[in-house]
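Student: Could you walk me through this structure, one question at a time?
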Amino acid sequence: LIFQLNDTDSVAIPGYWYADTLVLNNADESLTLIPSDTIDNAWSVPVFDGSISLINDTGHWKDNLRSGDYKVPVQWKPQQTQEAAPDWSNDTLSWLLSFGEQDPWFGQLYLQQAGTLCRGSIATPTGDFRYLHGNLNESGAMRLQTFDGAHLFYFKGSLSAQGDIVDGVFLSGNHYSTPFSGTRISSSDNGLAEAPKAQWTGLPLAYSGVSIDGDSVHWTAKSAKGVHVLSVMGSWCPNCMDEHRLLLNLSARHPE
């Protein structure tokens with residue numbers, strides 16, 4: 001599935017049809033889109049209310065989480081050949097990244113290679129960019145991308161003779177773009193070690209709010225027994241969904 005960000009940049013997410021269901025792949029992650037109940041020739045993005053519309057293999061992705069009529073053109077390009085599963089046995093490569101020119105923000109890219117294919121993620125002090133995948137060819141041109149239903153991320157850049165990333169550009173959908181650069185470091189280095197960390201205060205914890213049913217909710221740690229994990233999440237946030245699935249798994253394994 002090709003997402004056209006602008007006149008020169010596009011994101012290609014591999015996938016396949018299973019009957020009338022469209023499955024997209026972000027490296028090890030599968031994203032299943034089912035036919036929409038309300039829109040003809042459209043497939044619903046799971047969890048985040050967006051949709052992919054296709055008529056004769058051409059259409060758009062509509063992101064309902066954004067205000068206005070936000071759309072990104074898409075095209076389905078059928079391919080007859082199926083590539084063999086990549087061998088990801090190579091060592092992990094890593095770069096310390098700096099995004100933006102004024103008030104920059106930082107991340108650390110972890111990458112594995114299998115020939116010219118690559119996969120990995122970018123860690124930041126507040127989260128990560130989930131399942132990135134793309135190409136790193138012999139000339140040093142790097143392309144990474146992901147589509148998780150709520151975000152469409154695309155990173156492009158080149159490797160210098162020293163192995164650093166230069167001329168980098170990060171695009172989010174067709175609405176945001178910022179330059180970035182990367183300094184090659186050892187994969188064992190933690191370039192984000194100086195990021196702020198939560199401090200244990202010993203003070204009692206409490207929260208209150210309104211449930212999705214409209215009921216008032218109030219909870220204090222005084223009445224808690226055992227171990228409690230308080231997770232603050234956004235309904236628009238794929239990373240939060242990842243964490244929620246992890247916590248469900250941990251809860252099943254450790255009911256106490």
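Student: Which residues line the largest cavity?
Tutor: First, a heads-up: this is a predicted model, where local features need pLDDT of at least 70, side-chain atom pairs count only at pLDDT 80 or more, and totals for chains, interfaces and linings use all residues. Residues are numbered from 1 along each chain as its sequence is written, and side-chain values use heavy atoms, leaving out hydrogens and water. A cavity is a set of points, on a 1 Å grid over the protein atoms alone, where a 1.4 Å probe fits but cannot get out, and lining residues have an atom within 4 Å of a point. Here they are Leu97, Leu109, Ile122, Met142, Leu144, Phe155, Ile165 and Phe180.

Student: How many residues of that lining are nonpolar?
Tutor: Ala, Val, Leu, Ile, Met, Phe, Trp, Tyr, Cys and Pro count as nonpolar, Asp, Glu, Lys and Arg as charged, and the others, Gly among them, as polar. The lining has no polar and no charged residues, and the nonpolar ones number eight.

Student: What is the bridge partner of Phe155 in β17?
Tutor: Strands are DSSP runs (E, at least two residues), numbered from the N terminus, and two of them pair if DSSP finds at least two bridges between them. β16 (residues 152-159) runs antiparallel to β17 (residues 165-172), with six bridges joining them. In β17, Phe155 has as its partner Phe170.

Student: Which residue in the turn between β16 and β17 has a positive phi?
Tutor: These two strands form a hairpin with five residues between them. The one with a positive phi, about 90 degrees, is Gly163.

Technical notes
On a 1 Å grid over the protein atoms alone, a cavity is a set of points where a 1.4 Å probe fits but cannot get out, and a pocket is an open set with protein on both sides within 12 Å along at least five of seven lines; lining residues have an atom within 4 Å of a point. Helices (H or I, at least four residues) and strands (E, at least two) are DSSP runs, numbered from the N terminus.
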